Amino acid sequence: MSPSQPSSPQPDPIAGPPADGDGPSPGTSPAALTARAPHVPADRLVAEMVPPPRFQDARFDTYIPDLKQPSQAEAVQVLSDFATTIDGGAGSGAAKRRWFARKPAAPKGPRGVYLDGGYGVGKTHLLASLWHATPAPAELKAFGTFVELTNLVGALGFQQTVRTLGEHKLLCIDEFELDDPGDTVLVSTLLGKLVDAGVALAATSNTLPGKLGEGRFAAADFLREIQGLSAHFRPLRIDGEDYRHRGLPEAPAPYDDETVTRTAYRTPGASLDDFPSLLEHLSKVHPSRYGAMCDGIEAVCLTDVQAVPDQSTALRLVVLADRLYDREVPVLTSGKAFDELFSEEMLRGGYRKKYFRAISRLTALARDAGPLVAGANP
């Protein structure tokens with residue numbers, strides 16, 4: 001079956017669609033993610049390296065530190081000061097090209113900050129705040145996840161990526177991943193070129209859930225893996241509990257198929273797919289296109305959620321979860337709960353950081369879907 005053809009079965013006629021007049025408009029049908037396989041030009045990948053919609057309004061003064069965790073307030077101050085050290089001028093074309101001809105004098109002090117902390121302590125909010133606070137034009141600042149950065153190298157090639165990002169003043173990398181040695185070496189080499197070009201760097205990753213309380217576990221791993229670049233980074237520990245679950249109720253239980261389908265038909269901009277078909281479709285679309293695949297989608301409705309069958313499928317689902325979370329797209333499901341998506345073996349394996357992040361983010365999006373159900377099922 002072609003990736004451009006929908007692989008999702010039609011909704012159960014018993015469950016929906018709703019009768020004419022009950023939905024947003026007569027004859028309205030939800031979209032299907034399985035019918036989308038967008039082409040994303042390389043220049044769009046570069047232009048979209050900005051903080052995601054969820055963090056467009058993130059600023060240091062909108063970050064609310066936990067008073068029980070002084071490291072959070074300290075991080076705000078350190079990053080605010082770091083932003084003022086980054087040159088905001090665009091520079092002349094000759095100045096931009098000078099780095100390519102010869103290595104410039106090394107800037108004084110660390111040119112990078114590494115935010116080390118657990119899930120939901122606000123690292124991405126702080127990283128986006130740094131991007132916004134840096135006094136440089138948006139086109140001279142780049143913000144993306146580690147996966148998006150490796151996708152950019154794949155789309156542009158290594159040398160063109162160096163030339164493109166080497167003209168920037170700041171590169172922010174969210175969710176730096178250490179579980180793929182090849183990608184880690186690739187990005188480490190890229191960062192070395194960018195440091196030589198005078199680009200300031202900032203990165204985040206997560207301390208493993210089982211390693212919380214063991215000090216700078218993630219920071220030690222990060223600094224070891226980037227090897228010669230370690231001197232350019234100042235590790236900044238941020239302690240705290242996951243704000244997505246702080247003082248909030250447990251994640252809602254999955255709904256039945258009928259409720260999910262009815263809500264999809266009555267929610268403008270919603271998509272409706274059965275989960276196994278969506279997982280199959282993701283295998284036919286490059287992860288760099290998952291964001292574009294979600295363009296215009298206001299809510300994702302999934303029936304028959306099951307445990308993912310293998311590691312490759314699980315990693316693709318993690319990328320989709322990140323793109324949905326970036327865009328604040330509520331997710332409504334039937335079937336298994338999100339904490340049953342990944343097997344115990346997966347949660348103990350080398351990619352467990354990704355899986356715990358996906359569970360945390362999907363749980364937050366499931367809470368966001370509650371009002372949709374209430375509005376569509378009076």
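Three elements, α10 (275-282), β7 (299-305) and α12 (311-326), each supply at least two residues of the lining of the largest cavity in this predicted model. Helices (H or I, at least four residues) and strands (E, at least two) are DSSP runs, numbered from the N terminus. A cavity, on a 1 Å grid over the protein atoms alone, is a set of points where a 1.4 Å probe fits but cannot get out, whereas a pocket is an open set with protein on both sides within 12 Å along at least five of seven lines; lining residues have an atom within 4 Å of a point. The largest cavity has a volume of about 80 Å³, a volume being the space filled by probe spheres set on the points, with grid points joined across faces, edges and corners. Its lining takes in 13 residues, and L302, L317, L324, V331 and L362 lie nearest the centre. Helix α12 gives the largest share of this lining, 4 residues. By class, the lining has 13 nonpolar, no polar and no charged residues (Ala, Val, Leu, Ile, Met, Phe, Trp, Tyr, Cys and Pro count as nonpolar, Asp, Glu, Lys and Arg as charged, and the others, Gly among them, as polar). The count comes to 3 cavities of 30 Å³ or more.

Residues are numbered from 1 along each chain as its sequence is written, and side-chain values use heavy atoms, with hydrogens and water left out. Because the model is predicted, local features need pLDDT of at least 70 and side-chain atom pairs count only at pLDDT 80 or more, while totals for chains, interfaces and linings use all residues.

Strand β7 also belongs to an open sheet of 3 strands, in the order β6-β7-β8 and with parallel pairing. The edges are held by β6 (270-274) and β8 (331-335), each with a single partner strand, so one side of each is left without a neighbour in the sheet. On average, neighbouring strands of this sheet are turned by 15 degrees against each other, direction ignored. Two strands pair if DSSP finds at least two bridges between them; β6 and β7 pair in the parallel sense over 5 bridges. Within this pairing, A270 stands opposite A299 in β7, and D273 has L302 in β7 as its bridge partner. Helix α10 lies across β6 and β7, running at about 110 degrees to β7 (axes are lines fitted to C-alpha atoms, for helices over the stretch in contact, and angles run from 0 to 180 degrees between N-to-C directions).

Strand β6 is mostly covered, with 5 of its 5 residues buried; buried means under 20% relative accessible area, exposed over 50%, and partly exposed in between (1.4 Å probe, protein chains only). In a regular strand the side chains alternate between the two faces of the sheet. In β6, A270, L272 and D274 point one way and S271 and D273 the other way, and all are buried.

Helix α9 (residues 257-266) is largely enclosed by the rest of the structure, because 7 of its 10 residues are buried. These are T259, V260, T261, R262, T263, A264 and Y265, and the buried residues of α9 pack against β6, β7, β8 and α15 (370-376), where contact means heavy atoms within 4.5 Å. T259 counts as buried at 13% relative accessibility. The C-alpha atom of T259 is separated by 8.7 Å from that of A376, 117 residues apart along the chain.

Strands β2 and β3 pair in the parallel sense over 5 bridges, and T145 stands opposite D174 in β3.

The second largest pocket has a volume of about 490 Å³. It is lined by 29 residues, of which E48, E148, R323, D326 and R327 are the closest to its centre. Two or more lining residues come from each of α1 (42-47), β2 (141-145), α5 (146-156), α11 (290-293) and α12, and α5 gives the largest share, 4 residues. This lining has 13 nonpolar, 7 polar and 9 charged residues.

Overall, the protein chain has 15 helices and 8 strands, and 49% of its 378 residues count as buried.
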